Amino acid sequence: MDKAKIDRILGQVGKPVRYMGNEYNMVVKDPSEVLINFAFAFPDVYEVGMSHLGMKILYHLINEREDTYCQRVFAPWVDMEQKMRENRIPLFALETGEPVAGFDFIGFTLQYEMSYTNVINMLDLAGIPLMRRERGKGHPFVIAGGPCAYNAEPLADFLDLVVMGEGEEVINQLLDEYAEWKKQGADRQDFLARAAGIKGVYIPGFYDVDYNHDGTICSVKPNRPGVPSVVQKRIVRDLEKAYYPEAMIVPYMNIVHDRITLEVFRGCTRGCRFCQAGMIYRPVRERSASRLMDLARELVKNTGYEEISLSSLSTSDYSQLEELVKQFMDEFQSRRVSFALPSLRIDSFTREFIEEMKKVRKAGLTFAPEAGTQRLRDVINKGVTEEDLINSVTQAFELGWDTVKLYFMIGLPTETEQDLEGIGDLAAKVRECYMNLNRGRKSRRLKITVSTSSFVPKPFTPFQWVAQDSVELLAQKQEFLREKLRIKGVTYDWHDPELSFLEAVFARGDRRLGKVLLEAWKRGCKFDGWAECFNYSAWLEAFRASGIEPEFYANRPRDKEEVLPWAHIDMGVTTAFLRREYEKALRGELTPDCRGVCHGCGINRLEGGLCP
Amino acid sequence: MRMVVKYSKGKKVKYISHLELMRTIHRALRRADIPVAFSRGYNPQPKTAFAMPLPVGMTSEGEYMDIILDSHLCPEIFCQRMNDALPDGIMLLKAVEVGESLPSLMSLIDRAVYLITVHNPPKDIDIKLNRFLQQNEIVIKKDSKRGERFVNIKPMILKADILGSQETDTAMEVVLSTGSREYLNPEHMIKAFLAYAEGDDFEAYFNIHRVDMLIPGNDGCMAPLELGKGG
């Protein structure tokens with residue numbers, strides 16, 4: 001590749017450091033010396049993609065292989081894309097500047113439904129045929145993984161392979177199989193057939209979907225022998241022994257999560273009914289405090305980062321948390337390495353904890369009651385009470401915090417006006433709590449931000465059958481809250497309901513939506529998750545042009561018997577469990593944390609049972 | 001212990017900003033396990049000070065920083081350990097120990113030498129450069145937060161020579177005011193010259209390389225490393 005040509009356009013775009021590579025700990029190999037060239041593609045900008053833990057793990061893991069070079073590629077921002085197209089520079093990998101069209105694989109991680117148009121746009125920029133049917137000899141295999149891959153049906157026309165579940169083991173099996181295949185020089189279909197034999201690998205082209213007259217799915221069936229009728233997700237058995245990089249790339253630019261990330265455990269036992277992550281990452285598997293300390297030591301030494309963050313779905317549930325935090329402080333405080341604890345549950349928020357946090361930094365605190373009333377919090381199985389929230393904010397205020405964020409969802413199943421009023425009431429109570437503590441003195445410094453997102457029903461959750469509120473209804477609810485939250489010291493933030501609507505369409509979409517994605521992309525849709533790029537009217541045109549009604553996907557309740565687009569995927573937790581949970585939700589019944597008692601979600605069927 | 005450190009910023013890192021460069025060096029300090037001193041207070045920072053930020057897109061072999069360590073470290077070993085911990089493209093060239101009471105480098109440096117390579121330069125570039133420099137004043141428009149300003153940059157161009165041409169490239173050496181009192185960005189200077197020579201629409205592609213920064217001395221100029229205790 002003409003690196004000088006890339007260098008020249010970099011002088012003409014914003015944040016050129018996004019496209020430059022050459023960061024500390026970047027892996028350097030000679031692409032012509034390896035058997036397999038793998039492009040790890042993140043369908044968003046550099047600073048978002050580089051913050052993603054899965055990418056860090058897989059990048060270094062794949063590069064441990066001598067026969068493979070894994071390079072990175074991100075979606076070029078709009079200005080860069082324009083310059084690339086003007087100068088006929090195809091999508092290139094950051095490490096070498098080589099065009100990715102010549103690679104063996106381009107692997108997308110699907111973190112968010114609204115990045116799908118970026119997947120298409122990146123394929124186009126690379127000069128790779130968009131549709132899998134149009135690819136042949138010499139084209140890369142387009143592969144995808146990540147949480148949205150569990151229902152990647154809207155991208156089924158574009159993807160050659162999809163990996164279900166945790167990638168650490170399956171990616172090596174897949175690359176081994178590929179290496180064999182490449183040496184033999186067999187045809188493309190032959191590799192896909194071999195790959196279909198690996199557990200967790202889904203080949204969209206090997207399945208046919210039939211539809212009923214009413215537009216629902218009749219069946220999803222393999223169209224050739226030797227292909228599993230149900231694809232089961234992969235789980236890493238032993239997280240303690242699982243690969244974890246001891247050196248991570250240190251970006252020059254300030255990325256979204258610019259610090260060492262230590263994954264303390266996978267999975268979550270809380271069972272919040274709206275939460276897809278809580279279902280798909282089961283079962284809980286922890287890393288020991290001593291392993292984490294070893295990793296922290298190596299990572300500090302090898303990256304020089306000034307901050308470490310503990311990451312998981314619910315870090316306060318980590319069984320060795322206190323021990324770990326203490327060891328961290330003992331070892332790293334004097335070296336001026338601070339630590340961050342995201343996603344704490346409000347019922348776990350002890351005074352000691354806040355004090356530890358305060359030693360390091362005094363940023364704002366975020367609390368997520370999720371819903372405004374106890375009734376609705378029980379419906380979603382959030383399991384926290386108003387008392388928990390008040391206790392936590394009281395402690396925070398006592399320790400000198402003035403800024404808190406309260407996070408809620410609107411449009412949850414069974415929601416009524418009372419539940420919305422509850423959001424306003426909670427905000428008022430939090431304010432009152434502050435005023436009482438400070439006797440009104442410092443009231444000018446108090447800042448409460450109430451933020452609502454709109455509920456998006458996700459596949460593989462107990463709410464996968466429910467209808468999303470219409471855009472109009474969500475907008476009305478936001479208007480109601482705007483009025484309700486006219487409280488001094490309180491600001492209200494809300495999400496664009498039109499974006500939430502499209503998220504809901506694609507989250508539970510089927511293969512017919514591929515046409516819509518293509519039409520939307522042709523109308524210039526990309527970076528849809530970025531407010532400055534989101535073009536709702538273009539999306540509506542794309543639906544019209546494809547003859548597809550988006551409401552069918554977002555706003556329609558599904559019958560219990562309906563064949564869902566992901567019926568052929570086994571993500572571990574059973575449909576029967578999800579259905580039981582849904583029915584309990586409607587009755588407002590709680591399901592307690594399963595660390596105490598098993599509720600039979602089904603995950604323990606896999607790998608001979610891995611629950612602690 | 002206080003040191004003045006000279007370093008280079010090469011092609012591979014020319015697009016990183018000053019802030020990014022600082023962060024990169026701070027992280028390299030931790031990787032290299034350098035006993036750097038930290039500021040006190042709410043958000044302690046390594047005690048480093050960087051002289052005259054290099055604009056994004058330029059390369060340099062004459063960058064300087066001031067650093068204070070908690071304990072003594074031989075300057076050669078410091079450079080060696082840092083160079084093992086820095087990404088490709090940033091290299092410490094030399095460090096010298098200086099007196100603790102020395103004013104900041106930022107306040108001492110007053111000029112910089114640049115090598116500018118112009119691709120597909122104007123015809124008769126040497127004649128045009130002479131004419132450009134012989135004007136009574138050279139006024140450029142600067143857009144700042146407070147609006148447009150007009151600045152006469154002529155007194156800030158201390159020297160400008162054509163070094164020679166090779167194929168389609170012409171090399172120039174210029175010396176410009178570069179200090180906390182007066183500062184001329186070399187890009188503004190070269191753009192003003194090219195606009196003068198060929199008109200506003202002339203699209204030129206050029207590279208700017210900072211060769212060194214200088215401090216006013218007893219007889220002319222001196223290099224910042226001459227501030228060293230031994231030298």
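Me: Are α9(A) and α10(A) roughly parallel or roughly antiparallel to each other?

Reply: This is a predicted model, in which local features need pLDDT of at least 70, side-chain atom pairs count only at pLDDT 80 or more, and totals for chains, interfaces and linings use all residues. Residues are numbered from 1 along each chain as its sequence is written, while chains are lettered from A and ligands numbered from 1 in the order in which they are written. The axes of α9 (residues 289-303) and α10 (residues 321-332) of chain A come within 10 Å and cross at roughly 30°; angles under 35 degrees count as roughly parallel. The two helices, α9(A) and α10(A), are therefore roughly parallel.

Me: Which residues of α10(A) make the contact with α9(A)?

Reply: Residues are in contact if their C-beta atoms, placed from the backbone, lie within 7 Å. From α9(A) come Ala289(A), Leu292(A) and Met293(A). Their counterparts in α10(A) are Glu323(A), Leu324(A) and Gln327(A).

Me: Which helix gives the most to the side of chain A that touches chain B?

Reply: In total, 18 residues of chain A are in contact with 17 residues of chain B. Both α1 (3-10) and α9 of chain A supply at least two residues of that side. The most, three residues, comes from α9(A).

Me: Which residue of β10(B) does Ile116(B) stand opposite?

Reply: Strands pair if DSSP finds at least two bridges between them. In chain B, β5 (residues 111-119) and β10 (residues 205-217) pair in the antiparallel sense over nine bridges. Opposite Ile116(B) stands Ile208(B).

Technical notes:
Axes are lines fitted to C-alpha atoms, for helices over the stretch in contact, and angles run from 0 to 180 degrees between N-to-C directions. Helices (H or I, at least four residues) and strands (E, at least two) are DSSP runs, numbered from the N terminus. Angles under 35 degrees count as roughly parallel, over 145 as roughly antiparallel, 65 to 115 as roughly perpendicular and the rest as oblique. Two residues are in contact if their C-beta atoms, placed from the backbone, lie within 7 Å.
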